Amino acid sequence: EDDFQFILCEGCQQEPPDLKLLTCLHTLCLSCLNINRSIGQCPLCRMAIWQSGGITDIDNLLFTSLQATLKVYKKIVDGVDLVCDNCKKAGEFWCSECKEFLCTKCFEAHQRYLKRESHETKRVTDIRAGSAKDFLESIRKTGNLSCFNPAHESQTVSFYCKKCEKALCCLCMLLDSQHAPFCDIRSETQRRQEELGTMSQELKQKRSGFEATYAALEGEATRLEEAEREMRELIRQHVEQLVRLIRQEEEELLGLVEVQQKQGQQELARELQRVAGVLRRMEASERLVEKMRLYATEREVMDMQPFIKNSLEQLAAVAALAQPGNFAECRARLQAL
């Protein structure tokens, strides 16, 4: 089960059916989204999730599909309530295309009437002997796209129209001359997978820079604290040598140091939080692209790729390093005093 913890809500670590993929590529359930509605930020990376206009989230079809499939696999492994979906007898076979359990008799009828179809049916015992990944791979092979034309839902999708950006069956391609140019649907799916992989690889290269930035910010925060302590000590050493008439100047200098220290800490804290959020978004993007490559069906790739691509493009453009303030004003006033 550790291999599939990624399909849980990243907020509550539960397995709700209503998972949403945000533009930061973190996955949250509706409950966690509603909890964070008031602050309008992702609880993991602090990116805004309730923006004015545009798409802020989509259904995470990949994780939802994996949840449903793994529930079937767990049911098979546990051997609980395995009954034929047609006659309610003991289920001995599973059809990944029909998504139904079949008894021996119904299996024979299924094979006879659907022998020309590409329905892959396996024995429950064979599935139980295999791994969850083997079961997911067999389901993935049957996760075909449906034609956008409702009248052709039963037709196998083989082509992709670049003009209208839709999957087409052979009938649509032949009868509708408006759809052009065409390409093979598997080629388009592969191209989208490769495009996501390339973008993810580019983000990996940028990630080392952000990790260095994060480390630099942490070091700067430490140095800022040390500078604050040193400056306080230096101020006290000088002020103690002065007469009572300049005690007021001592308090003003200490107050100024404290204000600058707080401002510097606030600026660094905000920058640390921002960079940490970017790193989490990068981790989420790498993880999601990898899971898309391993488990996504063609339909899931076609539906989710544009959204993920847009999010990766936004993420790739993020870069900044804040420069904290120093105590130059304090030193100048102290020197003058």
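Author: A salt bridge here is a side-chain nitrogen of Lys or Arg within 4 Å of a carboxyl oxygen of Asp or Glu. The model is predicted: local features need pLDDT of at least 70, side-chain atom pairs count only at pLDDT 80 or more, and totals for chains, interfaces and linings use all residues. Residues are numbered from 1 along each chain as its sequence is written, and side-chain values use heavy atoms, with hydrogens and water left out.

Reader: What makes glutamate 195 and lysine 309 a salt bridge?

Author: Their side chains meet at 3.0 Å, N to O, and the criterion is within 4 Å, so the pair counts. The structure holds 17 salt bridges. Glutamate 195 lies in helix 7 (residues 185-239) and lysine 309 in helix 9 (residues 298-316), so the pair ties together parts that are 114 residues apart in sequence. Helices are DSSP runs of H or I with at least four residues, numbered from the N terminus. Both residues also belong to a network of salt bridges that links Glu188, Arg191, Arg192, Glu195 and Lys309.

Reader: Why is lysine 309 called partly exposed?

Author: Buried means under 20% relative accessible area, exposed means over 50%, and partly exposed is in between (1.4 Å probe, protein chains only). Lysine 309 has 25% relative accessibility, so it counts as partly exposed.

Reader: Which residue forms a salt bridge with arginine 207?

Author: Glutamate 283 does, with the closest N and O atoms 3.1 Å apart. This pair links distant parts of the chain, with arginine 207 in helix 7 and glutamate 283 in helix 8 (residues 247-295), 76 residues apart. At 34% relative accessibility, glutamate 283 is partly exposed.

Reader: How many residues apart in helix 8 are lysine 262 and glutamate 258?

Author: They are four residues apart, and therefore separated by about one helical turn. Their side chains meet in a salt bridge at 3.3 Å, N to O. Lysine 262 is partly exposed at 44% relative accessible area, and glutamate 258 is partly exposed at 33%.

Reader: What makes leucine 174 exposed?

Author: Leucine 174 has a relative accessible area of 66%, so the label is exposed. The place of leucine 174 is in helix 6 (residues 170-175). Leu171, Leu174 and Leu175 form a nonpolar surface patch with about 350 Å² of accessible area together. Such a patch takes residues with over 30% relative accessible area and no salt bridge, with nonpolar side chains (Val, Leu, Ile, Met, Phe, Trp, Tyr) joined within 5 Å and like charges within 9 Å. Accessible areas come from the Shrake-Rupley method with a 1.4 Å probe.

Notes:
Helices (H or I, at least four residues) and strands (E, at least two) are DSSP runs, numbered from the N terminus.
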